Amino acid sequence: MTSPQPPRVRPSRVRFGVLVVGLGLLLAACAENAPQDTLEPEGPISRQIDDLVTPIFWVAIVIGLAVLAAILYASWAFRRSRQGEDYIPPQIHGNTRLEIGWTIAPAVLLAVIAVPTVSTILDLADRPADAMDVTVYGAQWWWEYEYPSTSTRGPVVTANELHIPIDQPVHLTMTSRDVIHSYWVPKLAGKKDVVPGRWHTLTIQADEPGEYFGQCVEFCGASHANMRLRVIAHTPDEFEDWLDHNAADRTAPPAGSLEATGEDLITAKGCTTCHVLRGVSTADQIEALRGRLIRVDGDPTPFAPDLTHVGSRGTFAGSLFDLNIGELKAWLRNPPERKDGSLMPNLNLTEDEIDALANYLLSLD
Ligand code: CUA
């Protein structure tokens, strides 16, 4: 008795399936809106990297195709069905000339590629003479930026969204408060690791005003994927206005307003223990928090974004959410539920408190 055979899958169907899956994978690589496309540089620094990558890419393509063609030729020309059962192809093991050739050729090629590579690396490591300085602090899971004070204004501190002027190099000096992060804005510059206990530098520059997307690119814990960032480039005049505006303390809300209730809650709920809000935080609180930028070993004190002008930002919580009343309220209801591992605790606020706080934070422009 013969057992029933499973239905045979026709080879043409298999081929069709492979084709569909293959094409699907290939087309999935295309994107119309790809704000983090490193292959479309929008500043001189990222362009310098692209100018290095593109020629090396084509050299690699030519070599890759040559190797593939050689493999296909060898498997076709020397296949058993063509040459017969006992056929042994000519053996070239120990052929000195060939072996020297294929040792030297790649070595020469790598040496040639090394010249522009090393010179670009050294060039990008320099701090351009006309650069503007910003200090960057990575923390689980957001970014803090500090613009040094000048003779006419105090320091400016903001979170997640880095504002820069166009056509000027911006030299970032970066460290981390906790674990290793990595800073990357693909259209404006390469990546740089952000390491606790060390200072690393990275220069970025944008050609045009606009918003550039970036994110942390070193696995740093539960919300690594939620540690995003934006760079917002302005014309030089607009940028100066932004700096002046952000150097000022918050504007006090009108007495008796919902926003004023919100401001009272900021103090009552202890928000200023972790957040700086200039005009509301005491001088001691601000000094204590600035001192916590670099965490001392074993100090578990949370450290949170400066709120002085939070209402002027487009996003919050590591640029994870758009800044609007709905997202802000949802956040205040239960932050750790909205963002894995968030150090902002659930304060068990009432809906009235949430309403007052959200409206107040939005008013801080
Ligand atoms: Cu920070 Cu990944």
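1. Basis. In this predicted model, local features need pLDDT of at least 70 and side-chain atom pairs count only at pLDDT 80 or more, while totals for chains, interfaces and linings use all residues. Residues are numbered from 1 along each chain as its sequence is written, and side-chain values use heavy atoms, with hydrogens and water left out.

2. Sheet. Strands (E, at least two residues) and helices (H or I, at least four) are DSSP runs, numbered from the N terminus; two strands pair if DSSP finds at least two bridges between them.

3. Pairing of β1 and β5. Strands β1 (residues 132-139) and β5 (residues 170-176) run parallel and are joined by seven bridges. Gly138 stands opposite Ser176 in β5.

4. Angles run from 0 to 180 degrees between N-to-C directions, with axes fitted to C-alpha atoms, for helices over the stretch in contact; contact means heavy atoms within 4.5 Å.

5. Helix pair. Helices α6 (residues 258-268) and α10 (residues 351-363) pack at about 100°, their axes 7 Å apart. The two are therefore roughly perpendicular (65 to 115 degrees). Residues that meet include Leu258 and Ile266 in α6, and Leu357 and Tyr360 in α10.

Key. Angles under 35 degrees count as roughly parallel, over 145 as roughly antiparallel, 65 to 115 as roughly perpendicular and the rest as oblique.
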